[in-house]
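Please walk through this protein from its overall contacts down to single residues.

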Amino acid sequence: MLSFKKLILAFFAFTALALSPVSPSTGTARAGDPVIDAAKDKGIVGERIDGYLGLVTAADPNLKRKVDEINTLRRSFYDKLAQEEGTSTVAAARVTGESLIAKEQSGRFIFDDSGKWYRKP
């Protein structure tokens, strides 16, 4: 299980990663990308409790590609965090997903344990 101190450090590291729109090494899109933010504002993309972005409604192929790229980066982060903490990737992703949902803006879509999308109050 992740220690609270390491969880907080991991969250801040992930937040810094997520706020950078483009990876300097790969040029891939990340959360914080203006296109993703606009899609979140329009209710097309949302945060999932499992730590990944999801499509709330149908999206054009370019937006879907960006969501997939961000999720691939997130998966790599969760894999590394899980290995460092001796836990599963699913557990590391879940803890981060809970934090991302808690910090998500009101009015944006989130997907929780109910299995449904809803607007955050």
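Among the contacts in the protein with a separation of 6 or more, 47% are accounted for by residues 24 or more positions apart. Contact here means heavy atoms within 4.5 Å. The model is a predicted one, in which local features need pLDDT of at least 70, side-chain atom pairs count only at pLDDT 80 or more, and totals for chains, interfaces and linings use all residues. Residues are numbered from 1 along each chain as its sequence is written, and side-chain values use heavy atoms, with hydrogens and water left out.

The protein has four helices and four strands. Helices (H or I, at least four residues) and strands (E, at least two) are DSSP runs, numbered from the N terminus. Along the sequence they follow the pattern α-α-β-β-α-α-β-β. Of the 121 residues, 39% count as buried, where buried means under 20% relative accessible area, exposed over 50%, and partly exposed in between (1.4 Å probe, protein chains only).

The four strands form an open sheet with the order 2-1-3-4 and mixed pairing. Two strands pair if DSSP finds at least two bridges between them. Strand 2 (53-55) and strand 4 (117-119) are the edge strands, each pairing on one side only. From one strand to the next, the twist averages 40°.

Strand by strand, the pairing is as follows. Strand 1 and strand 2 are antiparallel, with three bridges, and Glu-47 stands opposite Leu-53 in strand 2. The hairpin of these two strands has four residues between the strands, and in it Gly-51 takes a positive phi near 95°. Strand 1 pairs with strand 3 in the parallel sense over two bridges; Arg-48 has Phe-111 of strand 3 as its bridge partner. Strand 3 (residues 109-111) and strand 4 run antiparallel and are joined by three bridges, with Phe-109 partnered by Arg-119 in strand 4.

Helix 3 packs on the sheet, where it touches strand 1 (45-48) and strand 2, and its direction makes about 155° with that of strand 2. Axes are lines fitted to C-alpha atoms, for helices over the stretch in contact, and angles run from 0 to 180 degrees between N-to-C directions.

Which helix packs against helix 3 at an angle of about 110°? The partner is helix 2 (residues 34-41), whose axis is 10 Å apart from that of helix 3 (residues 61-85). That makes the two helices roughly perpendicular, a term that covers angles of 65 to 115 degrees, while under 35 counts as roughly parallel, over 145 as roughly antiparallel and the rest as oblique. Helix 2 contributes Val-35, Ile-36 and Ala-39 to the contact, and helix 3 contributes Leu-63, Lys-66, Val-67 and Ile-70. These residues divide into six nonpolar, no polar and one charged. Ala, Val, Leu, Ile, Met, Phe, Trp, Tyr, Cys and Pro count as nonpolar, Asp, Glu, Lys and Arg as charged, and the others, Gly among them, as polar.

Helix 4 (residues 89-103) has 15 residues and reaches 21 Å from its first C-alpha to its last, close to the 21 Å expected at 1.5 Å a residue. The expected span is 1.5 Å times one less than the number of residues. Its buried residues include Ala-92, Val-95, Leu-100 and Ile-101. Glu-98 also lies in helix 4, and counts as partly exposed because its relative accessibility is 37%. The C-alpha atom of Glu-98 is separated by 7.6 Å from that of Asp-50, 48 residues apart along the chain.
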